[in-house]
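Work through the exercises below with the sequence and the structure at hand. Each task is followed by a solution in steps.

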Amino acid sequence: MPANNIEKNSLMFSNRYLAALIIPLLIETLLNVTIGMMDTIMVSTAGEASVSGVSLVDSLANLFVFLFSAFATGGAVVASQYLGRKDEANASRSAKQLIYISLSFAFLIAVFLILFRVPVMKLVYGTIENDVETAALRYLTPIAISFPFLAITNSANAICRSMGKSRITMTVSLVMNIINVSGNAILIYGFDMGSLGAGLASLASRIAASVIMLVVISRKDQQIRVDNIFKIEIRTDMIKRILRIALPSGIENCIFHIGKILVSSTIASFGTASIAANAVFNSLGTFANIPGTAIGMAAVTVVGQCCGAKKFDQAVYYAKRLLLLTYLLMGATCLFIYISTPFLGSLYNLSDAAYAMAVSYTRLDLIQTIIFWPLAFTIPNFLRASGDVKYTMIVSICSMWAFRVLSAKILGVYFGLGLLGVCWAMFIDWYCRGAFFLFRFLKGKWKEKTVI
């Protein structure tokens, strides 16, 4: 499928390479989403309050999880561009600095959340029902403790993906799922620990994954390897390169998720049924987005290496192919979930009111997703891979606050549309950011950015 007069024999990546990179990422993303879904489904046996509590904590925790992901993205972009220039030594040095940065931030955040979990929950969500608050606090503690381990895993995963070794990260995700589901079964069903059991199972899975990934990236047969991880070596030049990508992405993700938390706070005012319906809505929506999320991660490796090699015509070629693949695969997942939504919604043991909202709004979301989600969330990964992170940060922040947060309040509260109003506010946000990102990509300004 040559484009832009590119000769097939000059392409950096073969179809076999792309398949070997993307297929494990699809499976890995599916497994990662399954962890959250299984927590919600299995904890639902403890009641709607437990589902709501886990949902509220997940909304808060995602603020920090995506911060770790931003650091991982920064490290992956730098490492990928070094590999594009055939500079494995500097790629390895950047990987070690990525581990240090991610672990340091995660440790500080974990300590803060453990010490101030009660005032933080009250500050974010205000007054919520007592049983929901109790379930949320029980779940929050082990999740906060797991952050340093999660940060290590995310960073190591990003390093492996930069090398095209996505099969490794897929295997580790499978191990995490087995540990998580087994732990849920034992602690929730066997010991009746409810939301606390779900949190402890997630903690155990993240500890195991971090240990495995540290061993993997320390092996001497890897293109990128982290030697003597416990021998501290601070390289400020590498840290600056990583932070040049990570900080705008981190700020973007944090402010984006602060906005989502404020939206969750608005939803919390609608009552337990709306909170529970939103939890199911988010869970099934995340499942539908799996192909886009996986291909977005692959884009950092593929487009990043093309940009590092200064082959921008190939970066455009692969970006278009990846976007087309995103639409095809997301069309299939959205259709499957649309048909299956009534059955999938029944797995969560919701009240009749919550179930009706979950099914109706999930189906509305799936129609919007197949058209607008790839423009809003896949294309910006092409831009980030080139180093064009400030533009994506500004657009994401402005769109999030001007449309999703403000519109959710206006439509949901002042116009009395409740959770439906929040859904439409989200769609308006997608329309805006998708238009700006598509324009930026077609304009080609991102080709002028440099990282290394």
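**Exercise 1.** Where is Asp192 placed, and is Asp192 buried or exposed?

Solution. The model used here and in every later exercise is a predicted one.
Step 1: Asp192 sits in the loop that joins helix 7 (166–190) to helix 8 (194–217).
Step 2: The relative accessibility of Asp192 is 64%. Exposed means over 50%, so Asp192 counts as exposed.
Step 3: The phi angle of Asp192 is near 55°, which is a positive value in a residue other than glycine. Most residues other than glycine have a negative phi.

**Exercise 2.** In which loop is Lys86 found, and what is the value of its phi?

Solution.
Step 1: Lys86 belongs to the loop between helix 2 (48–84) and helix 3.
Step 2: Its phi is near 65°, again a positive value in a residue other than glycine.
Step 3: With a relative accessible area of 74%, Lys86 is exposed.

**Exercise 3.** How do the axes of helix 3 and helix 9 cross, and which residues make the contact?

Solution.
Step 1: Two packed helices are described by the angle between their axes and the distance between the axes.
Step 2: For helix 3 (residues 88–115) and helix 9 (residues 236–268), the axes come within 9 Å and cross at roughly 70°.
Step 3: Angles from 65 to 115 degrees count as roughly perpendicular, and helix 3 and helix 9 are therefore roughly perpendicular to each other.
Step 4: Helix 3 contributes Asn90, Arg93, Ser94, Gln97, Leu98 and Ile101 to the contact, and helix 9 contributes Met238, Ile239, Ile242 and Leu243.
Step 5: By class, the contact of helix 3 with helix 9 has six nonpolar, three polar and one charged residues.

**Exercise 4.** Describe the contact of helix 11 with helix 12 by the angle and distance of the axes and by the classes of its residues.

Solution.
Step 1: Helix 11 covers residues 290–308 and helix 12 covers residues 312–346; their axes come within 10 Å and cross at roughly 175°.
Step 2: An angle over 145 degrees counts as roughly antiparallel, so helix 11 and helix 12 are roughly antiparallel to each other.
Step 3: On the side of helix 11, the contact includes Pro291, Gly292, Ile295 and Ala299. On the side of helix 12, Phe312, Gln314, Ala315 and Tyr318 are among the residues that take part.
Step 4: The residues of this contact of helix 11 with helix 12 divide into 15 nonpolar, four polar and no charged.

**Exercise 5.** Where does Asn289 lie, and which residues is Asn289 in contact with, leaving aside its neighbours within four places in sequence?

Solution.
Step 1: Asn289 lies in the loop between helix 10 (272–288) and helix 11.
Step 2: Its relative accessibility is 13%, and buried means under 20%, so Asn289 counts as buried.
Step 3: Leaving aside neighbours within four places in sequence, Asn289 is in contact with Met330, Thr369 and Trp373.

**Exercise 6.** Are Arg161, Phe441 and Tyr317 buried or exposed?

Solution.
Step 1: Arg161 lies in helix 6 (residues 147–162) and counts as buried at 11% relative accessibility. Beyond its neighbours within four places in sequence, Arg161 is in contact with Leu21, Leu25, Glu28, Thr169, Met297 and Thr301.
Step 2: Phe441 is found in helix 15 (residues 419–443) and, at 9% relative accessibility, counts as buried. Not counting residues up to four places away in sequence, Phe441 touches Val316, Ala319, Ile379, Phe382, Leu383 and Trp446.
Step 3: Tyr317 is in helix 12 and is buried, with a relative accessible area of 3%.

**Exercise 7.** How many helices and strands does the chain have, and what is its radius of gyration?

Solution.
Step 1: The chain has 15 helices and zero strands.
Step 2: The radius of gyration is 21 Å, close to the 22 Å that the globule rule gives for 452 residues, so the chain is as compact as a globular protein of that length.
Step 3: Of the 452 residues, 58% count as buried.
Step 4: Among contacts with a separation of 6 or more, 86% are between residues 24 or more positions apart.

Conventions:
Residues numbered from 1 in each chain as written. Predicted model: local features only at pLDDT ≥ 70, side-chain atom pairs only at ≥ 80, totals over all residues. Heavy atoms only, no water. Axes fitted to C-alpha atoms, helices over the stretch in contact; angles between N-to-C directions. Helix = DSSP H or I, 4+ residues; strand = E, 2+ residues; numbered from the N terminus. Parallel < 35°, antiparallel > 145°, perpendicular 65-115°, else oblique. Contact = heavy atoms within 4.5 Å. Nonpolar A, V, L, I, M, F, W, Y, C, P; charged D, E, K, R; others polar. Buried < 20%, exposed > 50% of the residue type's maximum accessible area, 1.4 Å probe, protein only. Rg over C-alpha atoms; globule rule 2.2 N^0.38 Å.
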